[in-house]
Amino acid sequence: MRAFLFPGQGSQKVGMGAELAQASGAARDVFGEVDEALSQKLSALMREGPEDQLTLTENAQPAIMAHAMATVRVLERDFGVALTAQGHCVAGHSLGEYTALCAVGAFSLADTARLLKLRGQAMQAAVPLGEGTMAVLLGADIDQAKALAEAAAQGDVCDVANDNDPSQVVLSGHTAAIERAVALVKEYGIKRGMILNVSAPFHSSLMAPAAARMAEALAETPPAAFTLPLYANVTAAPVTDPDAERALLVEQVTGRVRWRESVLAMRADGVESFVELGGKVVGPMVGRIDREAQVTSLVTMAELEAFAKEMA
């Protein structure tokens with residue numbers, strides 16, 4: 001059994017998608033459609049930068065999705081590999097859940113781009129700049145991270161935002177609380193804590209205003225039926241019902257990304273092979289979660305072509 005995975009924020013970089021666009025009309029069509037949907041030359045920003053503009057949440061989210069969807073379309077149109085024929089389920093890390101839904105027909109490409117643009121804007125606007133941040137804990141498991149977050153809160157918000165793999169957990173909340181958490185890591189047996197270069201405290205209760213905006217947006221643009229089960233971030237369980245998934249997408253804005261548990265759930269359900277499309281971020285996490293799992297990350301034309309030959 002095979003799962004197709006889609007990366008989240010942090011996987012963006014200047015030059016992303018340029019090789020695909022040069023080599024494939026299918027990829028160019030994706031970037032053109034996203035540009036048109038957003039009334040923005042996002043593809044030029046992806047290709048040429050500047051990096052500080054690409055890193056802005058409202059740009060990074062649709063850009064990462066567009067890059068991953070370009071790999072999907074290249075596989076389908078250039079190499080005849082359909083996700084629904086070769087996969088048994090999908091999952092995506094944070095914004096990657098929207099990409100996964102697009103890949104299995106729940107959202108059109110244009111709607112996915114618009115939803116992610118809005119999601120980025122809403123998340124950025126939810127908390128005044130500087131009041132919230134995030135930190136990655138290296139060499140920390142979920143129990144250590146929870147204990148640290150509780151100790152560091154001291155009346156502020158300090159939430160576990162991402163349970164990525166057995167050695168990496170991310171905290172999110174008020175800047176003062178996150179700074180306290182980083183200062184306390186050694187006391188909790190954690191190897192290292194680093195403040196992340198992010199513009200807002202994603203996946204924390206401080207994102208409640210953004211969740212409300214996404215609830216409105218998803219009421220107007222709800223997911224349609226999708227062709228493969230999706231393992232949702234906030235439940236680490238498969239979803240097939242569009243209405244249930246719409247509610248989970250709203251909850252996801254403030255909720256924890258339970259990536260480690262999602263991978264373990266897919267493994268327990270029989271998934272042996274994990275294929276990341278459009279990045280090399282979540283694939284390595286899978287390898288750290290379960291060393292027996294087969295992991296492939298596909299970004300370049302050569303990698304996509306080699307994968308297609310395996311599927312032939």
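Predicted model: local features only at pLDDT ≥ 70, side-chain atom pairs only at ≥ 80, totals over all residues.

Residues are numbered from 1 along each chain as its sequence is written, and side-chain values use heavy atoms, with hydrogens and water left out.

Backbone first. In general, most residues other than glycine have a negative phi, and most peptide bonds are trans. His 203 sits in the loop between β6 (192–195) and α11 (208–220). His 203 is not a glycine, yet its phi is positive, near 55°. Is His 203 buried or exposed? His 203 has a relative accessible area of 4%, so it is buried. The cut-offs are these: buried is under 20% relative accessible area, exposed is over 50%, and partly exposed is in between, with a 1.4 Å probe and protein chains only.

Gln 154 is another non-glycine residue with a positive phi, about 50°. Gln 154 belongs to the loop between α9 (142–153) and β4, and at a relative accessible area of 59% Gln 154 is exposed. There is also a cis peptide bond, from Gly 49 to Pro 50, with omega near 10°. Pro 50 is in the loop between α3 (42–48) and α4.

Next, the cores. A nonpolar core here is a set of buried Ala, Val, Leu, Ile, Met, Phe, Trp, Tyr and Cys residues joined through side-chain atoms within 4.5 Å. The largest one has 80 residues, and Phe 6, Met 207 and Leu 277 have the most contacts inside it. Helix α5 (residues 57–78) contributes the most to this core, 11 residues. Another core lies apart from it, with 19 residues, including Val 160 and Ile 178.

Now strand β1, residues 2–6. 5 of its 5 residues are buried, so the strand is largely enclosed by the rest of the structure. Arg 2, Phe 4 and Phe 6 point one way from β1, Ala 3 and Leu 5 the other.

What does β1 pair with? Two strands count as paired if DSSP finds at least two bridges between them. One partner of β1 is strand β9 (residues 273–277), parallel, with 4 bridges; there, Arg 2 has Ser 273 as its bridge partner. Strand β2 (residues 89–92) also pairs with β1 in the parallel sense, over 4 bridges, and in β2 the bridge partner of Leu 5 is Ala 91.

On to aromatic pairs. Rings of Phe, Tyr and Trp (its six-membered ring) pair if their centres lie within 6.5 Å; planes under 30 degrees apart are stacked, over 60 edge-to-face, and the rest tilted. The structure holds 2 such pairs. Phe 4 and Phe 307 are edge-to-face, 6.3 Å centre to centre with 85° between the planes. Phe 4 is in β1 and Phe 307 in helix α15 (residues 301–311), so this pair ties together parts 303 residues apart in sequence. Phe 4 is buried at 0% relative accessibility, and Phe 307 is buried at 3%.

The other pair is Tyr 98 and Phe 107: with ring centres 6.2 Å apart and planes at 15°, it is stacked. Tyr 98 is buried at 0% relative accessibility, and Phe 107 is buried at 4%.

Last, pockets. On a 1 Å grid over the protein atoms alone, a pocket is an open set of points where a 1.4 Å probe fits, with protein on both sides within 12 Å along at least five of seven lines; lining residues have an atom within 4 Å of a point. Points are joined across faces, edges and corners, and the volume is the space filled by probe spheres set on them.

The largest pocket has a volume of about 720 Å³. Its lining has 32 residues, and among those nearest its centre are Gln 9, Gly 10 and Asn 197. The largest share of that lining, 4 residues, comes from α4. The second largest pocket holds about 250 Å³. It is lined by 15 residues, with Lys 13, His 67, Gly 278, Gly 279 and Val 299 closest to its centre. Helix α1 (residues 18–23) supplies the largest share of this second lining, 3 residues.

Note on methods:
Helix = DSSP H or I, 4+ residues; strand = E, 2+ residues; numbered from the N terminus.
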